[in-house]
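Subject: The structure we talked about

Hi,

Here is the structure I promised to pass on. Have a look at it first, then read my notes below.

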Amino acid sequence: MTGILIVAEVDAGELRPEFWELVTVARAMSATLSGGISIAVIGAKVDAAARQTAGIGEVHVIEDDRLADPWPEAHAAALIQLSGELAPQMVIAPRTILGAEMAARLAVRCRWQLVQDVTQIEATADGGLQGVRPVSGGAVAATIRAGAGPWVVVPRPRAFAPAEAGTGAESIAPLRHSFAPPALATACETPKRIAVEGISIDRAKTVIAGGGGLCGPEPFTLLREIADLVGGAVGASRVAVDSGWVQSALQVGLTGKTIAPDLYIAVGISGAIQHLIGCSSSQVIVAVNNDASAPIFGVANYGVVGDWKEVMPAFRDALAGRTA
Amino acid sequence: MRVVVCLKQVIDPLTPASTLALDRNEKKIRAGVTAPPVINGFDEQGLEAALRLRETNKDIEIICLAAGERFSNDVMKRSLAVGADQLILVQDPSLDTWDPYPIAAALAAAIRQIGGADLVICGRQGSDWDNALTPYILADLVELPLLTLAKSVTVADGKRVEIERVLADGSMRMNAQLPALVTVTSELGALRMPTVSARLAATRKQPRQFALAELGTAVVPGHAPEVVDLAIPVTGRSCTFIDAADGPSAGVRLAETLLQAGAIRLGGER
Ligand SMILES: Cc1cc2nc3c(=O)[nH]c(=O)nc-3n(C[C@H](O)[C@H](O)[C@H](O)COP(=O)(O)OP(=O)(O)OC[C@H]3O[C@@H](n4cnc5c(N)ncnc54)[C@H](O)[C@@H]3O)c2cc1C
C-alpha cells in the first residue's frame with residue numbers, strides 16, 4: 001500500500017516548481033501516515049522530470065501520447081488509474097489549472113474527501129485531517145475537518161516552503177504503468193500558447209501590476225519599462241485581463257496566480273479582496289492610486305495617492321537615471 | 001435545443017470583509033449589513049454564454065436553475081429580464097450549505113425532473129465558498145462529459161459543443177458530443193444589461209418553484225470536509241504615504257524610498 005501519492009505536474013517537458021511545495025506537505029504528513037511517499041508523473045515526454053523527482057520517493061510513470069496536451073479528462077483518468085492501482089491514503093496535487101482539475105475529478109469519481117486550498121494542514125487524533133483555507137475570495141478563513149481518508153489534498157500555492165531537491169542518490173528506476181483509460185468523452189486540440197514577455201510573475205522578485213485605473217493596454221508599456229529596469233515582471237488585475245488589455249497569464253488573484261515576490265507594485269488597482277489573496281504574501285507592497293480610500297492602501301507598506309500618469313513616468317525616469 | 005444554466009444566489013463578493021457577519025455556530029457567512037445578494041458572477045457569465053448561443057441558434061430554450069435555501073425574487077429574475085425563458089428555483093433549508101454534494105444532487109434531480117438538457121452551463125466556481133466542485137459532482141451525477149474554464153462556447157450542428165479553454169499561458173480548443181456540461185470563466189465577458197421593456201416583461205413572469213421533497217433526491221452522504229470554524233483574517237499593514245508637492249516628485253521620491261529601503265535592486269537580480 002502507498003501512503004502518499006504526489007502528483008508531479010509536467011509542463012512542456014519540465015517539472016512544475018509547485019512540486020517542491022507538495023513535497024514539504026507530504027513529508028509533514030508522512031509522520032502520521034504509513035506507507036511512504038510515491039510520485040505520479042503523467043504526460044508524454046516525462047523522463048527528465050521523472051528523474052528530478054527521484055530521491056523523494058518511489059516514482060510511478062504513465063507516459064502516453066494522449067497525455068501530451070493538458071487534456072483534463074485524460075490526465076485525470078491516468079491519475080484515477082494510478083490511484084486505483086496504488087491505493088494511496090492521500091493524493092497531493094498542485095493548485096494549477098490542470099492539477100486542481102485532476103484533483104477534483106479524482107475526488108468526485110472516487111468520492112474521496114477533497115481538502116483544497118489549505119494554508120495549514122495536520123492530522124487529527126481521530127484519524128482525520130484538519131486544515132485552514134481561505135473562502136469568500138479570502139475575506140474569511142475557514143477551518144475545515146475531514147473524516148477518515150482517502151483524501152485528495154491541494155495545498156494553497158506559496159503557503160508551504162519548497163523542499164530541497166533530492167540528491168538522486170537513492171533513486172531507483174521509475175515504475176511504468178501503461179495507460180488504460182475508459183472511453184474519453186471529451187477531445188482537445190493542441191494548446192495555443194502565448195509567450196509571456198520577460199519573466200513570468202511566478203518567478204519574478206519584483207512584480208509591477210496594473211489594473212482598471214490604467215484604462216487601456218498602452219500604459220502597460222510603461223510598466224514593462226519599469227519591470228525591465230528592476231529585472232521584474234508585469235502583472236495585472238482581473239479587470240485588465242477581462243478587458244483584453246493583457247493576457248490571462250498576468251492575472252494575480254483568486255482565479256489568477258498566487259505570488260509572493262519581494263516587491264509588489266500595484267498601479268491603478270483598487271485592492272479588491274479577490275486580488276489581494278494573490279499578492280498579500282509579498283514582502284513589500286507599494287500602491288499607487290488616486291483614491292486615498294482605496295483598500296489597496298490597507299495592505300501596502302508604501303503608498304502614493306496620485307495619478308499614475310504623473311507618478312509613474314517620473315518613477316521610471318528616476319530609476320533609469322540611477323542605472324545610466 | 002435546451003440549455004440549462006445553473007445560477008447560485010450568493011452574498012455580493014464586493015461586500016467589505018469588515019461588514020461580514022460570521023455565524024460561528026451555524027458556520028455560515030452572512031452579509032452583516034443588509035446588502036442585497038447577487039447571482040454568482042461566473043454563473044451570470046454562463047447565462048451570457050447561453051444568450052450568445054441563441055443569437056446564432058434561434059431554437060434554443062434557456063432554462064435557469066438555482067438551488068438554495070431561499071431566494072430574492074428580484075435578484076434571480078434578472079435572468080428572465082436578460083432573456084432566459086424560464087427560471088426554476090429549488091428551495092430547501094438544507095441547501096444553505098458549504099457542502100457542494102447536496103446542491104449538485106438538487107440540481108441533478110431538477111434537471112431530470114424537467115426531462116434533461118442538451119447543454120448544462122455552470123460558472124467555474126461560487127464566490128461564496130470558492131469550492132469549484134458543484135459542476136464536477138453534477139457532471140458525475142447526470143453522467144455528462146465535462147468541459148471546464150470556457151471563455152467561449154459554440155455549438156456545431158446541434159450535436160457537439162466546442163469551447164475555448166483558458167490556460168495559464170494561452171488557451172486550448174476542446175469539444176464534446178452533446179449532451180454535455182460546460183463551465184465558464186470570467187474571460188467570457190459580463191452578462192448583458194436587460195432592456196427596459198424586457199425588464200418590465202420579466203416582472204410579470206414568475207419563477208417555477210420546486211420543493212426538494214417532490215424531486216425525491218436521495219440524501220447524498222457527506223463526501224466533503226466540514227467547516228468547523230470561521231474567522232476574519234487580519235491582513236493590515238501600516239502604510240507609509242509618500243509626501244510630495246506633485247505627482248512627478250512623488251514618483252521620484254517613491255523610487256528613492258524603495259532604493260534606500262533595499263526593496264529595489266537595480267540591474268535586475270531575477
Ligand atoms: C469570484 C471572484 C474572483 C475574482 N478573481 C479575481 C482575480 O483573480 N484577480 C483580480 O484582480 N480580481 C478578481 N476579481 C475581481 C475583483 O473583485 C475586482 O473587481 C478587481 O480586482 C478590480 O480590479 P482593479 O482594482 O484593477 O479595477 P477597478 O476596480 O476598476 O479599480 C481601479 C482603481 O484604479 C484607481 N485609479 C483610477 N484612475 C487612476 C489614475 N489615473 N491613477 C491612479 N489610480 C487610478 C481607482 O481609484 C481604483 O481604485 C474576482 C472577483 C470575484 C467575484
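Let's start with one residue pair: Ile4(A) sits opposite Ile37(A), which belongs to strand 3 of chain A. Before going on, some ground rules: this is a predicted model, where local features need pLDDT of at least 70, side-chain atom pairs count only at pLDDT 80 or more, and totals for chains, interfaces and linings use all residues. Residues are numbered from 1 along each chain as its sequence is written, chains are lettered from A and ligands numbered from 1 in the order in which they are written, and side-chain values use heavy atoms, with hydrogens and water left out.

Strands (E, at least two residues) and helices (H or I, at least four) are DSSP runs, numbered from the N terminus. Two strands pair if DSSP finds at least two bridges between them. Strand 1 of chain A runs parallel to strand 3 (residues 37-43) of chain A, with six bridges, and also pairs in the parallel sense with strand 5 (residues 90-92) of chain A, over three bridges.

Why is strand 1 of chain A largely enclosed by the rest of the structure? Because seven of its eight residues (4-11) are buried, meaning under 20% relative accessible area with a 1.4 Å probe, protein chains only.

**Two domains in chain A**

Chain A is divided into domain 1 (4-164) and domain 2 (206-323), with bounds from an automatic or database domain assignment. Their centres, taken over C-alpha atoms, are 32 Å apart. Nine residues from domain 1 of chain A and seven residues from domain 2 of chain A make the contact (heavy atoms within 4.5 Å).

**Chain A meets chain B**

Here 84 residues of chain A are in contact with 81 residues of chain B. The two chains bury about 6900 Å² between them, 58% of it from carbon and sulfur atoms; buried area is the accessible area (1.4 Å probe) that two parts lose on being put together, summed over both. Six salt bridges are found across this interface (a side-chain nitrogen of Lys or Arg within 4 Å of a carboxyl oxygen of Asp or Glu). Have a look at the salt bridge between the side chains of Arg265(B) and Asp262(A), at 3.5 Å, N to O.

Cheers

Terms used:
Buried < 20%, exposed > 50% of the residue type's maximum accessible area, 1.4 Å probe, protein only.
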